[in-house]
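Here's a quick tour for anyone meeting this structure for the first time. Have a look at it, then read on.

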Amino acid sequence: MAEHALQTPLNDADMLKLRAGDVVRLTGTIYTARDAAHKRLCDLLDKGEPLPFDLQGSVIYYVGPSPAPPGRPIGAAGPTTSYRMDTYAPRLHALGCKASVGKGKRGDAVKQALADHKAVYFGATGGAGALLSKCITAAKVIAFDDLGPEAIRELTVEDFPLLVINDCHGGELYVQPDRAAAGLE
Amino acid sequence: MRTIDASQIIDTVARMCIDSNRYLPTDVRDSFARSAAREESPAAREVFRQLTENYELAEQTGLPLCQDTGLAVFFVDVGKELRVAGMNIREAINEGVRKGYAEGFLRKSACDPLTRANTRDNTPAVIHFDIVPGDRLKIAFMAKGGGSENMSRVTMLAPAQGWPGIRKFVLERVAEAGPNPCPPTIVGIGIGGTFDYAPILAKKALLRKLDDVNPDPKLAAMETELLEALNKLGIGPMGLGGKTTCLGVKIAMSPCHIASLPLAVNIQCHSSRHREVEL
């Protein structure tokens, strides 16, 4: 399992060298979006209207941060569970989004989209919101302010710690539960 | 009759909301240390290292442990000799939630189920009341995250399925949930009651300390057996594989209808944030 330092925007060459289990330290600009923001992004695409950020080479972080206390750019900011965005993710990958960051399993359509469009799914440690917040040096709302914690934010990150969960070669890091050992079979 | 002022409830609840989200309970911290020592895989140990650094940072910086600061869930025992002046108890608790979530820079996660419009102050809280003897007010608060709540289930088993059926349903549920609910998890199990009461039992069981022992020896043995079996699933911290899929199993039971065997599995992520105060 290799370690990589990557800089946004990401490109196909970056994606092709990543394998499930690799550690990545990500630096650059990423965009937050979770359930409600994804729905609005896809509504905009349906209407043929421009999106609030450029999808080419982009990284979307599934997070709804807690409010920034005085003197900090953002509050706690760990990943939310990713499967809820599975409905929308393939469409965004087809339009150039290179990676999503979340936690938990992805569906087959998303894994296929990662392979088809040379993209990856990163995991960050769920429940480590205070720790991950340290790697975010700036944050600003760029769309859907009315959604509160679900608004789209542009984040500047430095050495954001990620694990490759699903790569673009069909590899996956998550283990299958050992049902037999637990006495299920 | 003893009288307390609603403002006392408001301030207490606000403090509980903030402190619960900032200070991970000692029993949970201890279980991280014990579990990390048993893990052989570097990935599993790294998760515990990050979680430990995370609770230390939350304490130092005042940031919440997790950005999902939860829906506010309360179990409240109201002494029948107690009177609250100035506001009813439900309203006072909700006011405390408003204050705590605003002043503590906690995320407001409550929204309309259909329009998804945020209520903007994390109310209404989910409050379970009980009337008890005496003149005290006991408030237990839990910041319940959505990711683990989504992996929870309730089912109505046939009485013939008994303990083997219960065991199988719990194992299947945790296996299916996999990495989604932020393992290592704590599994609250409610057995009996009715369709609506079993999940309340399960949730209340999650308020117990991780290192306590169920006073009912039969339930204590069931908890031990299930915890061992769950950890053999090998899902591990954050689903990366390892010996720690669950930190604890807590079972509560209540009589049920002769036709039924209600069962609820309420999953709690590793960030088990709750506390109790008596006024």
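## Where the chains meet

How many residues of chain A are in contact with chain B, and how many of chain B with chain A? On the chain A side there are 38, and they touch 46 residues of chain B. Keep in mind that this is a predicted model.

Helix α5 of chain A (residues 129-133) gives the largest share of chain A's touching side, with four residues. Sorted by type, that side of chain A has 19 nonpolar residues, 15 polar ones and four charged ones.

## A sheet in chain B

Now for chain B, where four strands form an open sheet in the order β4-β2-β5-β10, with mixed pairing. The edges belong to β4 (126-132) and β10 (274-278) of chain B; each has a single partner strand, so one side of each is left without a neighbour in the sheet. On average, neighbouring strands are turned by 15 degrees against each other, direction ignored.

Strands β2 (residues 71-79) and β5 (residues 137-144) of chain B pair in the antiparallel sense, over eight bridges. In this part of the sheet, L71(B) sits opposite K144(B) of β5(B). Helix α4 of chain B (residues 89-103) packs on the sheet, touching β2 and β4 of chain B, and its direction makes about 145 degrees with that of β2(B).

## Two domains in chain B

Chain B splits into domain 1 (2-20 + 65-144) and domain 2 (147-277). Their centres, taken over C-alpha atoms, are 25 Å apart. Where they touch, domain 1 of chain B puts in 18 residues and domain 2 of chain B puts in 13.

Which strand brings the largest share of domain 1's side? That's β5(B), with seven residues. Overall, this side of domain 1 of chain B counts ten nonpolar, four polar and four charged residues.

Notes
Residues are numbered from 1 along each chain as its sequence is written. Chains are lettered from A and ligands numbered from 1 in the order in which they are written. This is a predicted model: local features need pLDDT of at least 70, side-chain atom pairs count only at pLDDT 80 or more; totals for chains, interfaces and linings use all residues. Two residues are in contact if their C-beta atoms, placed from the backbone, lie within 7 Å. Helices (H or I, at least four residues) and strands (E, at least two) are DSSP runs, numbered from the N terminus. Ala, Val, Leu, Ile, Met, Phe, Trp, Tyr, Cys and Pro count as nonpolar, Asp, Glu, Lys and Arg as charged, and the others, Gly among them, as polar. Two strands pair if DSSP finds at least two bridges between them. Axes are lines fitted to C-alpha atoms, for helices over the stretch in contact, and angles run from 0 to 180 degrees between N-to-C directions. Domain bounds come from an automatic or database domain assignment.
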